[in-house]
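Please keep the sequence and the structure in view while reading.

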Amino acid sequence: MSDRILIIEDEEKIARFIELELVHEGYEVVKCTDGRTGLEQAEGGNFSLVLLDIMLPGLNGMEVLRRLRKSSDIPVIMLTARDAVMDKVAGLDQGADDYITKPFAIEELLARIRLALRRSSHRGQDEPADGADDLLRCGELTLSESRHEVKYAGSEIELTGREFDLLNTLLINKNIVLSREQLLGKVWGYDYMGETNVVDVYVRYLRSKIDEVYGISLIQTVRGVGYVIRDEHEQ
Ligand code: CA
């Protein structure tokens, strides 16, 4: 069965262009041109992913996202205007999975859609059979990739898909300092056109959910280089 994608975008030409490309790729597509209808569709329309413009009539995209996240963890990719850094950060804050800056190359959008769909299909996977686990550890922190689960001293930590991927990458490379560019490449999987500060934004999210809650300093900043998780962070 093909994935259903909802496009919430009031610019008719952009929406139509994206629709044609997505249908060509084999997706089912529904378009909405205002925030209120878009939110209703996203909540009830059995979609696999939402493409969400920010500047919309009715409800703006940020508000649509905020309300949608109360009931759904469907992947959302924000469509943002050029240089609207605040929008990007705010969108990620509200739980967007990704964003793409207009104007964009359709191949880039398609790649991000595939990534977001792949990540979300991992989220719903069944628990692995006994002995098939893959627990990564650092002190009291554990991460299971197959269960998409992070725990500290046994209590579960809720992370977004991207936060999870970043933590996973840092743990796989434990004791190795990774630069922002390396992390972008490993976690985002493609070039973010120089916006490496998105890595800093996500490190901040992880720190607020882990370090600040449990009073540790898990992710260390190596000035002028990048980030690392080290074994000895607790003792
Ligand atoms: Ca718009």
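Tyr152 stands opposite Ser155 in strand β9, and three bridges join β8 to β9 (residues 155-157), the two running antiparallel. Strands are said to pair if DSSP finds at least two bridges between them. Helices (H or I, at least four residues) and strands (E, at least two) are DSSP runs, numbered from the N terminus. This is a predicted model, in which local features need pLDDT of at least 70 and side-chain atom pairs count only at pLDDT 80 or more, while totals for chains, interfaces and linings use all residues. Residues are numbered from 1 along each chain as its sequence is written, and side-chain values use heavy atoms, with hydrogens and water left out.

**The sheet and its hairpins**

Strands β6, β7, β8 and β9 form an open sheet of four strands in the order β6-β7-β8-β9, with antiparallel pairing. β6 (135-138) and β9 stand at the edges with a single partner strand each, so one side of each has no neighbour in the sheet. From one strand to the next the twist averages 30°. In general, strands of a sheet pair through backbone hydrogen bonds, either parallel or antiparallel.

β6 and β7 are joined by four bridges, and Leu135 stands opposite Ser144 in β7. Four bridges also connect β7 (residues 141-144) with β8 (residues 149-152), again antiparallel; here Leu143 faces Val150 in β8.

| Hairpin | Residues between the strands | Residue with positive phi | Phi |
|---|---|---|---|
| β6 and β7 | two residues | Gly139 | near 60° |
| β7 and β8 | four residues | His148 | about 50° |
| β8 and β9 | two residues | Ala153 | near 50° |

Which strands does helix α6 touch? Helix α6 (residues 161-172) packs on the sheet and touches β6, β7 and β8, and its direction makes about 110° with that of β7. Helix α8 lies across β7, β8 and β9 and runs at about 145° to β9. Axes are lines fitted to C-alpha atoms, for helices over the stretch in contact, and angles run from 0 to 180 degrees between N-to-C directions.

**Helices against each other**

Two packed helices are described by the angle between their axes and the distance between the axes. The axes of α6 and α8 come within 10 Å and cross at roughly 90°. α6 and α8 are therefore roughly perpendicular to each other; angles under 35 degrees count as roughly parallel, over 145 as roughly antiparallel, 65 to 115 as roughly perpendicular and the rest as oblique. Arg162, Glu163, Leu166 and Leu167 in α6 meet Val199, Tyr202, Val203, Tyr205, Leu206, Lys209 and Ile210 in α8, where contact means heavy atoms within 4.5 Å. The residues of this contact comprise eight nonpolar, no polar and three charged. Ala, Val, Leu, Ile, Met, Phe, Trp, Tyr, Cys and Pro count as nonpolar, Asp, Glu, Lys and Arg as charged, and the others, Gly among them, as polar.

Helix α7 (residues 180-188) also packs against α8 (residues 197-214), at an angle of about 75° and with the axes 9 Å apart. α7 and α8 are therefore roughly perpendicular to each other. On the α7 side the contact is made by Arg180, Leu183, Leu184 and Trp188, and on the α8 side by Val198, Val199, Asp200 and Tyr202. Six of these residues are nonpolar, none is polar and two are charged.

**A buried residue elsewhere in the chain**

Is Ile100 buried or exposed? Ile100, which lies in strand β5 (residues 98-101), counts as buried because its relative accessibility is 1%. Buried means under 20% relative accessible area, exposed over 50%, and partly exposed in between (1.4 Å probe, protein chains only). Leaving aside neighbours within four places in sequence, Ile100 is in contact with several residues, among them Ile77, Leu79, Leu109 and Arg112. The C-alpha atoms of Ile100 and Leu51 are separated by 9.6 Å, although these residues are 49 residues apart along the chain.

**The chain as a whole**

The protein chain has eight helices and twelve strands. Of its 235 residues, 49% count as buried.
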